[in-house]
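Please look over the structure shown here with this short briefing at hand.

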Amino acid sequence: MREHSRPKVLIVGAFPPPGRKIFGGIITSCNALLESSFSERFELILVDSTQISNPPPRIAVRAYIAAKRLVTFIKKVVFLRPAVVLLFASLGGSILEKGVMAWIARFAGVPVLFFARGAQLIETAAGSRFHRAWILASLRGASHFLCQGPTWQRFATEVIGLPLSHAPIVPNWTATNRLLAIGEQRTARAPGHVTQMLFLGWMEKEKGIFELLQACRELAVTHEFHLVIAGRGQAEKDARVFIDHSNLAHRVRFAGWVHGEALERLMAESDVLVLPSWAEGLPNAMIEAMAAGLAVVVSAVGNVPDVVTNNVEALLVAPRQAEQLQQAIQRLLDDRNMRQQLACRGHAFVRQRYSVEPAIERLSSVIEAAIAARTTLPSKVDEA
């Protein structure tokens, strides 16, 4: 390596080619990473691991694609010699695939930073000995486990068995400057303004879409509001039937997947984000909405209650509780001042803790420390 060359970082994450309409939290994080100063600090080697379609293809197709991707990964590790590997992973097969990659990189003497998303991983590991065994076998190939919050850090140290120094908390970096600008420019709504709520994400029952619709059905009797559902998923058909049967069609609009400028416009138009998921890690949508100046109602799951305080930065509700969700939404519909104060506190909170460059600085320092601590002994690949 030349004296002034940048360290090579091999990233396996969400880097779909232009035109492919694939959405998700990891894509948002990876896009923000590429647009930050990160690429000025390191020479990036990218491997795209997004699905080829939404919903995902059959398991045989996914297995074939994963095998091809694994070959690509091995070639890049062997011939490009990265200084460190950064693996983004979600659930299920993604954990297994990235776990194999982690062990390959470890065999080659390359430090591996594993960044898992989705609190279902923690729940799955606690569910049975079988699931715990394959999850731990996958994760223990990594030298470091990047944690979105204290819940993940406890999982990394107490379950995976990593030392605390190898389980650093790295905040989400999705409070972009563009979203923060929307929050800063937000003005008080005019009298008579009808509150617009936003649901952003996969339209699955586990995301709490039906609890939200049940709450809206009850609130529609006494309150004016609009709801925009931004996302797609397997529950969409049933959600549309529920809306028709509940006479909510004039209050609910389906926007499909939105991103980029369309998402920014939708954030600017909306007042409240409702995210009633049954399980989460630390949802990007929550951080993005706070940055854009929306008041947030979110389930107290995963890292959420470790990060935000009820009635301060957001309203926290128990998952799967439509009545409690209804009460929280009603508070914001009834009290415009409370809604504005909640939004202002949330915006200030994420500006300080989740804006892009401070988080990238943290991630970069972890990578640099991992490179510095890399063993000087020759790897198996070097010996071959």
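Glutamate 280 is buried in this predicted model, because its relative accessible area of 11% falls under the 20% cut-off. This residue is placed in the loop that lies between strand 9 (272–275) and helix 12 (284–291).

**Side-chain contacts of glutamate 280**

- The side chain of glutamate 280 makes a polar contact with the side chain of lysine 207, at 2.8 Å.
- A polar contact, at 2.8 Å, also links the side chain of glutamate 280 to the side chain of serine 277.

**The sheet and its edges**

- Six strands form an open sheet in the order 8-7-6-9-10-11, and their pairing is parallel.
- Strand 8 (252–254) and strand 11 (315–317) stand at the edges of this sheet, where each has a single partner strand, so one side of each is left without a neighbour in the sheet.
- From one strand to the next, the twist of the sheet averages 20°.

**Strand 8 and its partner**

- Strand 7, which covers residues 226–230, pairs with strand 8 in the parallel sense, and this pairing runs over three bridges.
- Within this region, leucine 227 has valine 252 of strand 8 as its bridge partner.

**A helix packed on the sheet**

- Helix 11 (residues 260–269) packs on the sheet, where this helix touches strand 6 (196–200), strand 7 and strand 8.
- The direction of helix 11 makes an angle of about 140° with the direction of strand 6.

Methods: Residues are numbered from 1 along each chain as its sequence is written. This is a predicted model: local features need pLDDT of at least 70, side-chain atom pairs count only at pLDDT 80 or more; totals for chains, interfaces and linings use all residues. Side-chain values use heavy atoms; hydrogens and water are left out. Two strands pair if DSSP finds at least two bridges between them. Helices (H or I, at least four residues) and strands (E, at least two) are DSSP runs, numbered from the N terminus. Axes are lines fitted to C-alpha atoms, for helices over the stretch in contact, and angles run from 0 to 180 degrees between N-to-C directions. Contact means heavy atoms within 4.5 Å. Buried means under 20% relative accessible area, exposed over 50%, partly exposed in between (1.4 Å probe, protein chains only). A polar contact is a pair of N or O atoms within 3.5 Å; within protein, one must be able to donate a hydrogen and the other to accept it, and residues adjacent in sequence count only if both atoms are side-chain atoms.
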